[in-house]
Amino acid sequence: MTRLYQMPELDRKPFRFLKHGFSTKMEGNMSYKYGDPEQVLANRCYFFRKLGVTFKNCVFLTPEEKESKVCIVDQEDAGKGTKSLESAIKADALITGEKG
């Protein structure tokens, strides 16, 4: 059985609404950049179930290699990068002001 790693600080106000978790090698490869797409999707599905979230509520990024870039995301970005590397947002960090 694998363990879900979380930050206790994010379980307190004002971040209590934020679902979060960190994967380890035990959950398998989560990167479309380096893994077999079908296996990555299966690993992500398993991890999301453990976390209690769905693809439609997540946004993934793929890091920029030559610059530091932060993108603001909103509901219109929901689902990007969850099922392919090509649909991921090209950035080093994502932030939002929206709940959900």
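This note walks through a predicted model of one protein chain, point by point.

1. **The overall plan.** The protein chain has one helix and four strands. Reading from the N terminus, the order is α-β-β-β-β. The radius of gyration is 14 Å, close to the 13 Å that the globule rule gives for 100 residues, so the chain is as compact as a globular protein of that length. If you picture a box along the principal axes, the C-alpha atoms fill roughly 40 × 35 × 25 Å.

2. Of the 100 residues in the protein chain, 26% are buried. The accessible surface comes to about 7400 Å², and carbon and sulfur atoms account for 55% of that surface. Contacts are worth a look too: among those between residues at least 6 apart in sequence, 45% join residues at least 24 apart.

3. **Charges.** The protein chain carries 17 positive and 14 negative side chains. The centres of these two sets lie 7 Å apart.

4. **The aromatic pairs.** The structure holds two aromatic pairs. In one of them, F48 and F60, the ring centres are 5.8 Å apart and the planes meet at 25°. Planes under 30 degrees apart count as stacked, so this pair is stacked. The pair links distant parts of the chain, since F48 sits in helix α1 while F60 belongs to the loop between α1 and β1 (61-62), twelve residues apart. Is F48 buried or exposed? Its relative accessibility is 6%, so F48 counts as buried.

5. **T62, in a strand.** Next along your tour is T62, which has its place in strand β1. At 10% relative accessibility, T62 is a buried residue, because the cut-off for buried is under 20%. Which residues does T62 touch, not counting those up to four places away in sequence? They are L85, A88, I89, K90 and A91.

6. The relative accessible area of K13 is 67%, so K13 is exposed. For a sense of distance, K13 and K69 are 56 residues apart in sequence, and their C-alpha atoms are 28 Å apart in space.

7. **Q6, also before the helix.** Q6 is another residue in the segment before α1. With a relative accessible area of 40%, Q6 is partly exposed. Leaving aside neighbours within four places in sequence, Q6 is in contact with H20, G21, F22 and L51. As for E38, Q6 and E38 are 32 residues apart in sequence and 26 Å apart in space, C-alpha to C-alpha.

8. **E76, in a loop.** The loop between β2 (70-72) and β3 (89-90) is where you will find E76. Is E76 buried or exposed? At 71% relative accessibility, E76 counts as exposed. From E76 to T54 the separation is 22 residues in sequence and 15 Å in space, C-alpha to C-alpha.

9. E98 lies in the segment after β4 (93-95). Its relative accessible area is 32%, so E98 is partly exposed. Setting aside residues up to four places away in sequence, E98 touches F17, D74 and Q75. E98 and M7 are 91 residues apart in sequence, and their C-alpha atoms are 20 Å apart in space.

10. **To take away.** If you keep a few things in mind, let them be these. The chain runs α-β-β-β-β from the N terminus. Finally, T62 is buried, whereas K13 and E76 are exposed.

Technical notes. Residues are numbered from 1 along each chain as its sequence is written. This is a predicted model: local features need pLDDT of at least 70, side-chain atom pairs count only at pLDDT 80 or more; totals for chains, interfaces and linings use all residues. Side-chain values use heavy atoms; hydrogens and water are left out. Helices (H or I, at least four residues) and strands (E, at least two) are DSSP runs, numbered from the N terminus. The radius of gyration is taken over C-alpha atoms; the globule rule is 2.2 Å times the number of residues to the power 0.38. Buried means under 20% relative accessible area, exposed over 50%, partly exposed in between (1.4 Å probe, protein chains only). Contact means heavy atoms within 4.5 Å. Accessible areas come from the Shrake-Rupley method with a 1.4 Å probe; for residues, only the protein chains shown count as cover. Lys and Arg count as positive and Asp and Glu as negative; His and the chain ends are not counted. The place of a charge is taken as NZ of Lys, CZ of Arg, CG of Asp or CD of Glu. Rings of Phe, Tyr and Trp (its six-membered ring) pair if their centres lie within 6.5 Å; planes under 30 degrees apart count as stacked, over 60 as edge-to-face and the rest as tilted.
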